[in-house]
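Please keep the 3D view open as you read.

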Amino acid sequence: MKNDFEDVESFRRRARAWLALSMPRVQGEIDPLWDDGRRQRERELQRKLWDGGFAGICFPAEYGGLGLSIDHQRAFTGESLPYEMPFSFNVPTLSILAATLVDLGTHEQKRRHLPAILRGEEMWVQFLSEPSGGSDLAGSITRADRDGDVWILNGSKIWSSSAHVSDYAMCLARTNWDVPKHRGLTMFIVKIHQPGIQVDQIKQVNGSMEFCQEFFTDVAVPADNVVGEVDGGWEVASRLLNHERHAVGGGSPYTSGRTVAGESLRPDRNLIRLAQQTGQAGDGRVRQMVAEGHVLQLVSSHLATRITEGISSGNIVPAAGSLTKLFHATMFAQRAEIGVEIAGSDAVAWPVGGAHEARQIGRMYPGRQTMSLGGGSNEMQRNIIAERVLGMPREWAADRDGPFRDVRTNTSPSRPNG
Amino acid sequence: MHSLAFTEGDNVELALTDDQELFRATTRQFLAAKCTLAEVRALELNPDGFDPAWWRHGAALGWTSMLVPEADGGGCLSGNGLLDLVLVAEEMGRMVSPGPLVPTNVVADAVARSGSPDQRAALLPGLVAGDILATWAIAEPGSRWNTSRLSTVARPSGDGFVLDGTKSPVEAAAQAQHMLVTARTDAGLMQLLVPSDAEGVTITPLEGLDLVRRFAEVRFEGVEVPASAVVGAGRAEADVERQLQVAVSLQCAETVGAIDRVFDMTLDYVDNRHSFGRPLSSYQALKHRFADMKLWLEACHGTATAAARATGRGTDDAAEVVSTAKSYIGSRATEIVQDCVQMHGGIGVTWEHDIHLYLRRVTVNRTTYGTPADHREQIAVLLGL
């Protein structure tokens, strides 16, 4: 039943009933360290949403969505909290890549991909960062050269989440070296698993194998896979990044249910369990710290609501998504500190096979900065907030005006053997 | 004197109805015309801290009507009076305005919700018109704002009660004609309406941090109160909790208005001030600090809105959301303003510059109706710890 005029409360009731019948309840904690089996399961969960008529609540009906309002999406998310949801379809596939496609894709691109995404058949990632420089995205040196009906892609991308089990990517590549850096980039839709693309997994300090590095060798990309204009890729990337900041902060309208990062929708109770398990629930100092951690989570969701409402009503500039992102990242670090402080030595030495909360806090601690780096470092977010939200003067840059071929860059990545 | 440019700022609620926009604009224009910062400074030596005629004018604009039903002479705009009233609180914060907005409205709300017909008739028309003032006597020197440890007691006596104890600080106690006193009885909390001039009531004005917000210590010594002065039937715990939520929601909105204004004026300052031949605003070290302040400011806006919505709608999580807002805003606000003082350099710590008026106000708001730490303890209780 896809009805533009269904009121929110009726939609909510219908969602509640459907969820109870159709979706599995969350059993315990879902391991935050992604495994590949989990991805397959999420494809199936997304398919269930599609079959039940609840996929893509805010996506245009023309491309398989429901075309409903953000209030409908929030109502659904509120009802979905007890259930297992396709978290990794939410971020990045739905809330970042599909959202960008909705904004800037051609009719044909949208027709080809959006329904397939909503059916759980296509998982997407972003190919933006490069080994030669993380924060300076517009300094991309991965190149695409036109050859008849195709572009030939060469170079390397890094920090793409789960590219090894995903299907498509949006890939930013340099197509013109004779113009300033921001004006010579193009965004391509790239099929990941094809000849010429090698995908390597990267192991992180917390044990996660989620991130990948890709190497491109003479990969042929059809010309109609260009998103936006040729040499207009920076505009597409900027739009994508706005969606990303918004999504990571938990404020995207394009998700189905809560996002991995959006614990704020259901505050994480790990610090409460920790205080109880370590017998410190009555300690005034610990109570203050647990409450502080809880306050940060709630305020993060309050901020996300404000920014989401403000951006949709036009009262707040889209770059303000950086606020949500920065708050979330700093909150994550602050909560990690609180956790280690409460857990004490239980966070560094634990019984084999124990399920104690302190163990999880200890294991996650070396990766504390992950949230402050991924999706644009905190420092980049602060630049964006200062320059694009507050209108303060831009930083001086050596590479802004001249042709990119004259700009000094880091070494071009070489492809390893294999 | 450094006077502040009148700037457009964000308000607590981003999406306002036309009525709310008008209400906010009217209040803003009135405050800009009738309560400039120069006038706020001039009121420092006024023992009452505000002009009663000015307050009546504000009341005519609706400052005391929003939490009172139409049948009692009040009326709100949006159907949820608190969401209308926070607009006034925020505007008053932007101008560090005087006037007992919080205690007057808390008492009006309490009487409108739980008062007897006689109490409503005696107080509400006067409060709505701005002819009389009322305040809430809740804090005590020993227990501070913790309502579970009050030592002021109401003992049954004849047909009524006898009240003994000390309340402090009580906002505008020396200006108000009526006090809503929260006291302990053997059966829990009780609230009584006591005239300020009742036999046995001693009001001693306190000196304080804010230039225009007045507080007093109020002693109750064998004060006889008739049973008809008791507000509500049975235990008053739920009423007291509601009053705290209303007070903190308004207070947070006022603080957000104040820091929003300070932030804007500080941003203007660093754009126009040069050192080493560059505007201060071009230094990345400072830009990043402004980014952080903007982050905290918007988070304060967001959580203040959440508190007003939860309190206004009376949701189940209102206590948690309100304590969250207070604990976050309470300490963030002073940090933002202190950082803005730093951005101003030496001029920021002069009496001449207006920023200290704001620092005073947000510090008062940080500590009254519970400190951030008090509210974190409350959250720990609500979390089941």
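## A strand wrapped on both sides

In this predicted model, 7 of the 7 residues of strand E4 (residues 168–174) of chain A are buried, so the strand is largely enclosed by the rest of the structure. Here a residue is buried if 20 or more other C-beta atoms lie within 10 Å of its own, exposed if 12 or fewer, and partly exposed in between, with C-beta atoms placed from the backbone. Both faces of E4(A) are covered: A:Tyr168, A:Met170, A:Leu172 and A:Arg174 are buried on one side, and A:Ala169, A:Cys171 and A:Ala173 on the other. Strands (E, at least two residues) and helices (H or I, at least four) are DSSP runs, numbered from the N terminus.

Which strands pair with E4(A)? Strand E1 (residues 124–127) of chain A pairs with E4(A) in the parallel sense over 4 bridges, and A:Trp124 stands opposite A:Tyr168. Strand E5 (residues 185–191) of chain A pairs with E4(A) in the antiparallel sense over 7 bridges; there, A:Leu185 is the bridge partner of A:Arg174. Two strands count as paired if DSSP finds at least two bridges between them.

A word on conventions: residues are numbered from 1 along each chain as its sequence is written, and chains are lettered from A and ligands numbered from 1 in the order in which they are written. Since the model is predicted, local features need pLDDT of at least 70 and side-chain atom pairs count only at pLDDT 80 or more, while totals for chains, interfaces and linings use all residues.

## A helix beside that strand

A:Thr93 is found in helix H4 (residues 87–104) of chain A. With 29 C-beta neighbours inside 10 Å, A:Thr93 counts as buried. A:Thr93 and A:Ala169 are 76 residues apart in sequence, yet 9.3 Å apart in space from C-alpha to C-alpha. Leaving aside neighbours within four places in sequence, A:Thr93 is in contact with A:Ala98, A:Ile117, A:Met123 and A:Trp124. Contact means that the C-beta atoms of two residues, placed from the backbone, lie within 7 Å.

Helix H4 of chain A also holds A:Pro92, and the peptide bond from A:Val91 to A:Pro92 is cis, with omega near 5 degrees.

## Paired strands in chain B

Chain B has 11 helices and 9 strands. Strand E2 (residues 153–157) and strand E3 (residues 160–171) of chain B pair in the antiparallel sense over 5 bridges, with B:Phe161 as the bridge partner of B:Pro156. E2(B) and E3(B) form a hairpin with 2 residues between them, and B:Gly158 in the turn has a positive phi of about 60 degrees.

E3(B) is also joined by 8 bridges to strand E7 (residues 215–225) of chain B, running antiparallel; B:Glu171 stands opposite B:Phe215. Strand E3 of chain B holds B:Pro169, and the peptide bond from B:Ser168 to B:Pro169 is cis, with omega near -5 degrees.

## Two loops worth a look

B:Phe276 has a positive phi of about 50 degrees although it is not a glycine. B:Phe276 is found in the loop between strand E8 (274–275) and strand E9 (278–279) of chain B, and is exposed, with 7 other C-beta atoms within 10 Å.

B:Tyr369, also not a glycine, has a positive phi of about 60 degrees. B:Tyr369 lies in the loop between helix H10 (355–367) and helix H11 (372–382) of chain B. Is this residue buried or exposed? B:Tyr369 is buried, with 28 other C-beta atoms within 10 Å.

## How the chains meet

In the complex, 32 residues of chain A are in contact with 31 residues of chain B. The elements giving two or more residues to the chain A side are helix H7 (270–277), helix H8 (284–313), helix H9 (321–343) and helix H12 (378–389) of chain A. H8(A) gives the most, with 17 residues.

The predictor gives the complex an ipTM of 0.93 and a pTM of 0.88.
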